[in-house]
Amino acid sequence: AHAATHLPYSVFVDSAQFAELYNEARGSDFYSDEVIEMYQSNADPDLYPNVNWLDELYSAGASFQRYNLNVSGGNERLRYFVSGSFYDEDGIYRQNDLAQYNSNINLQRYNFRSNIDIYLTESTQFSIGIGDILTSRNRPGAGTGDIWGYAFSTSPNVFPAEFSDGSASGPSWGTGENPYNLLVNSGYADEWNNKVQSVISVQQGLDVITEGLAGRIMFSFDKENESLMVRSKTVETFLALGRDENNDVILNRTREGQDFLSYSSSSSGNRNIYFETQLNYQRDFGLHSVGGLLIYNQSSFSNTGAGSLEASLPYVHQGIAGRLDYSFANRYFLEGNFGLNGSENFAKGHRFGFFPSIAIGWIPSNESFYTGISDVITFLKFRASHGYVGNDEMGGGRSFVYMSTVNQGASGYNVGP
């Protein structure tokens, strides 16, 4: 659901109010009555601007649209599901109709998903799933935080959004920014992101060995690519000094600019390969229920857009996990878990850690004596657990922290306190 967010247009004073409050705070008439009258009349917006920056930069609303298509079907041997969607949302920035590019925020996203389940035998199921998410974003060349910040911090009377002849207004370097220039005269940036996800699995019932036993093998491959193209621009700006004998505005150039859009780009990506095999067991013996799970998994994550040798090396994990659980009459529970997990982020001989846990539980709402308050609290469960967990993230975004690092560019070292 999309909820409306109202912009605080009414919290801004206009130029006349700003001048009056400035005089009051200063204790003197820095702005004369004639100047304040010019602000109120809007007779000369080039020399006496009266700008509500939020109203100048932001519109009252924006449009969005979403389309979805789902198809599913099958029979006792095959089931399929195909889904596609498109989403398009515009930003609330106002645009200059004379601009040769669009600097408004825009998001477009295409989603595709396909799942197929094939029952090879009564106990064997083959599944494949493929998904793709393509996202395109457009934004101004300047940062959206800068546009918002200068919209709040720029006085309404310091300069117009632009002069009546189309010239760009703005202060000199280091003294602020015209938020209108940041929006429509700074260029634009396009971002593309493509994420492909795929998973293949085979599930096999093993009741021929013992009732309640099943196995599963799964392989997944995920790939993500992202690219950024920025076409930026610095516009030539002016401030008004007055009017000449022909009543034309006298403009003083405050910044040099360029008539073309410069170009820069960057790209990044990653790839993740995951393999898992597991055995599941679940069986009831009267009031007794016994279950178990044994999993082996390994993964390899690669940064395909890495900028260094260390960052380009795959990030590999490997582990075995298990669980045994028992319950009696769906009232009393006992569960034990373990994980033997390995990471190449540690030195040989220290790469694997053992992490056990145990838990007990009780559901008093399933007891016969609980009937008296069952209308007030329909379900009540107590559970206590204790265990150990591990983490191979050492901070700083570094891998292989056990290896010594030599900084050959260091200038020296300090001796003594």
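A salt bridge is a side-chain nitrogen of Lys or Arg within 4 Å of a carboxyl oxygen of Asp or Glu. By this criterion, the structure, which is a predicted model, holds 12 salt bridges.

Asp 44 forms a salt bridge with Arg 243, and their closest N and O atoms are 2.7 Å apart. This pair links distant parts of the chain, since Asp 44 sits in the loop between α2 and α3 while Arg 243 belongs to strand β8, 199 residues apart. Asp 44 is buried, at 10% relative accessible area, whereas Arg 243 is partly exposed at 29%.

Helix α3 also takes part: its residue Asp 55 is joined to Arg 94 in the loop between β2 and β3, 39 residues apart. Asp 55 is partly exposed, with a value of 38% relative accessible area, and Arg 94 is partly exposed at 35%.

For Glu 367 and Arg 331, the closest N and O atoms of the salt bridge lie 3.2 Å apart. Glu 367 is in the loop between β14 and β15 and Arg 331 in the loop between β12 and β13, so the pair ties together parts that are 36 residues apart in sequence. Glu 367 is buried at 11% relative accessible area.

The strands on either side of the Glu 367 loop, β14 and β15, pair in the antiparallel sense over six bridges. Within this pairing, Ile 360 stands opposite Ala 384 in β15. Of the six residues of β15, the number buried is zero, so this strand lies largely in the open.

Note on methods
Residues are numbered from 1 along each chain as its sequence is written. This is a predicted model: local features need pLDDT of at least 70, side-chain atom pairs count only at pLDDT 80 or more; totals for chains, interfaces and linings use all residues. Side-chain values use heavy atoms; hydrogens and water are left out. Buried means under 20% relative accessible area, exposed over 50%, partly exposed in between (1.4 Å probe, protein chains only). Helices (H or I, at least four residues) and strands (E, at least two) are DSSP runs, numbered from the N terminus. Two strands pair if DSSP finds at least two bridges between them.
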